[in-house]
Amino acid sequence: MAMEPPPRPSSSLFDVYLRLRPSNPANARFLTVEETEASQPTHITIKPPTTDNRRRAVERFAFTQVFKEDAKQLELFKGVGVVPMIEGVVGPKGHHGRDGLLATLGVTGSGKSHTILGTKSQRGLTQMALDVLFQSLGEQLVQSFYGAPAFSSLAATDVSEAHMFTATAFLDSMYGDNQSERFPSRAQTPMLDCSSFITNGGSRSNKIPRPSCLPQTPSVDHIDIPIDPSAEYAIVISMYEVYNDRIFDLLSGSATKNRHPNLKRRALLFKSTEQSPDRKVVAGLTKIICGSFEEALMILETGLVERKVAGTGSNAVSSRSHGFFCIEVKKRDAQRKGPWSSSTLTIVDLAGSERARNAKTAGETLAEAGKINESLMYLGQCMQMQSDQQAGSKNIVPFRQCKLTELLFSNSFPTTARQTHYHSPQKSIMIVTADPQGDYNATSQILRYSALAREVTVPRIPSTTSTILSGAPTKYSTTPSGRTTPSAVIEELEAANAEIARLTAEMEVFALRLAEETSRRKAAESSWRALQNQAADLEQEIRDECYAEIEDAVVAERRRWQFALDNEQDNQQAHLDSKIDVVIKATKAQMRDEIKVYEDPDPGLRDRVGELERENEVLKAKLEAKEREAHGRSASPVKKMRVLKAKRWEDPE
């Protein structure tokens, strides 16, 4: 039964397309496109190269559509459904838009960046999508200069805690001299070649990218999408990259580096915010409001200069990060000026998987390749889980294993809260790029987890015995008499017996080698165990020696401190004795010099003295009374009265 692609329901996460790139005709081709009666092929077959001795299976893969080597950029743009995706992002009349995701996947050097970003002579899908978007919205785009009502309302309704600027102000801050106002021309940008905007010293040039110098083909002027005539729109652009499983803003790096050359880039968080509790966003991004196609191109070029690239053995300009280019389409009623609704078209240029042996990476580049391959492995697991879900499996897609899969899958599933906030699950398109004459191992691995369906045919070589028993026609030789003999069969049997004998000898040799290796392994294990025991004994001896040394050191230190304490106590006692001697000598000197020492009298003695003084006063009063009485009886009136003077009592001692 022929294998057909699985049905694609409207809620499906990815439509997967395959694009083949032209390659070197000198290499052997291992990929074949199956021609069908349909207008576009959907199946391919890969066969292992003839030099492969492992006799691997022939594999057949199904995709939504296969684009051959001669497919043009415009043909791909129309064929993969970018135009309907843009229509969904803009939204029909009276309805909100739906998020869209366009990504490329493939081995390094297979044409991913060429497809998404274009070259010096051709536009990529990103530029064509921007051109279609701006020419369709036309006069319904709002003014985005500072002070305009639209700018303040857009900045107020942003849910990602972003730093929002107008394109003119941002480009002036990056390049200076108001250069952004001098280039109103309309053109396209070669994303793959950023060297024209970088000086020889490795730093960014101070001249703004000129859109007039960029390619303008293929043209999309004939493509127009329907829009809501009663609505007004705004386009907000942001760029970031996933480098070593961390998110970095591509539009804030240059401005920060110009002001602070030694400051490292700050990683951003993918989280829910207060204004967006049910839907994760990259918080803290730099977002630019663009009013024209030319401004969007200049913003795009500015961000691409900051993206991590390096030269490897497989690709001279190899992306070392996964690049995200986000186009937010804001929409509101033009008359009532209500709240802005938002839908995002995210274009992702995934870094290519690579083998260290072929890419010749080392050091930091090797570590980057490890992170890239790890994230792509998780992406492959998620896509395989998605295919299993379409086949009826109940497994949950494990998209939280790394930042890349979380960014691609976290907003792809519908919830009640999101439907309340007018957010339907995003529609995604994956373009797989492959080189039919490139690396078979890397390409087959990418195809296995990205294809919609897979069919494996194991090659089997018929045995000689089955050929004879089946009675299949064989080649006979003719004798001079005209009779035929099965000499060819005999020769084939002899060759088969010789091959069997050779394989038996090889098997015996391998058995001997296995026995030798087994004995070596056992000897190595016993030696390892003996070394383990010896190491444990040695460790114990060292521990005991260290313990004894520490104990001796502690005892010696204790003795030293005790000796110092005794000396200190002796010194203090001698000092006290010397003080006592000084006091004794001073006392003796005072006694020799008859120095009087006055002391406070005894309290009892003081009371007694007071009592005696009172008695003395009483006696003196009585004596004076007696004298007056005697004087009154005296016969001599002229005799002077003798007055007794009072005398104070003094202590005889």
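Glu-232 is buried, with a relative accessible area of 11%. Its partner in this predicted model is Arg-332: the two form a salt bridge, and the closest N and O atoms are 2.5 Å apart. The bridge links distant parts of the chain, with Glu-232 in strand S8 and Arg-332 in strand S15, 100 residues apart. Arg-332 is buried as well, at a relative accessible area of 10%.

## Aromatic pairs

The whole structure contains five aromatic pairs. One of them joins Tyr-17 and Phe-67. The pair is tilted, with 6.3 Å centre to centre and 45° between the planes. Tyr-17 lies in strand S1 (residues 14–20) and Phe-67 in strand S5 (residues 65–67), so this contact ties together parts that are 50 residues apart in sequence. Tyr-17 and Phe-67 are both buried.

Tyr-240 and Phe-324 also pair. Their ring centres are 5.0 Å apart and their planes sit at 10°, so this pair is stacked. Tyr-240 counts as buried at 6% relative accessibility. Phe-324 counts as buried at 2%.

## Other salt bridges

The structure holds 22 salt bridges. In one of them, the side chains of Glu-34 and Arg-60 meet at 2.6 Å, N to O. Glu-34 sits in the loop between strand S2 (31–33) and strand S3 (43–46), while Arg-60 is in strand S4 (residues 58–62), 26 residues apart. Glu-34 and Arg-60 are both buried.

Lys-68 and Glu-35 form a salt bridge at 2.2 Å, N to O. Lys-68 is in the loop between S5 and helix H1 (73–79), and Glu-35 is in the loop between S2 and S3, 33 residues apart. Lys-68 is partly exposed, with a relative accessible area of 29%. Glu-35 counts as exposed, at 57% relative accessibility.

Some bridges connect into a network. Asp-158, Lys-287, Glu-328 and Lys-330 are linked in this way.

## A charge over a ring, and a surface patch

The charged end of Arg-560 sits over the ring of Trp-561, 5.1 Å from the ring centre.

Leu-576, Ile-580 and Ile-584 form a nonpolar patch on the surface. Together they have about 250 Å² of accessible area. Ile-580 is placed in helix H15 (residues 487–592). Ile-580 counts as partly exposed, at 42% relative accessibility.

Note on methods
Residues are numbered from 1 along each chain as its sequence is written. This is a predicted model: local features need pLDDT of at least 70, side-chain atom pairs count only at pLDDT 80 or more; totals for chains, interfaces and linings use all residues. Side-chain values use heavy atoms; hydrogens and water are left out. Rings of Phe, Tyr and Trp (its six-membered ring) pair if their centres lie within 6.5 Å; planes under 30 degrees apart count as stacked, over 60 as edge-to-face and the rest as tilted. Helices (H or I, at least four residues) and strands (E, at least two) are DSSP runs, numbered from the N terminus. Buried means under 20% relative accessible area, exposed over 50%, partly exposed in between (1.4 Å probe, protein chains only). A charge sits over a ring if NZ of Lys or CZ of Arg is within 6 Å of the ring centre and within 35 degrees of the ring normal. Patches are made of residues with over 30% relative accessible area and no salt bridge: like charges are joined within 9 Å, nonpolar side chains (Val, Leu, Ile, Met, Phe, Trp, Tyr) within 5 Å. Accessible areas come from the Shrake-Rupley method with a 1.4 Å probe; for residues, only the protein chains shown count as cover. A salt bridge is a side-chain nitrogen of Lys or Arg within 4 Å of a carboxyl oxygen of Asp or Glu.
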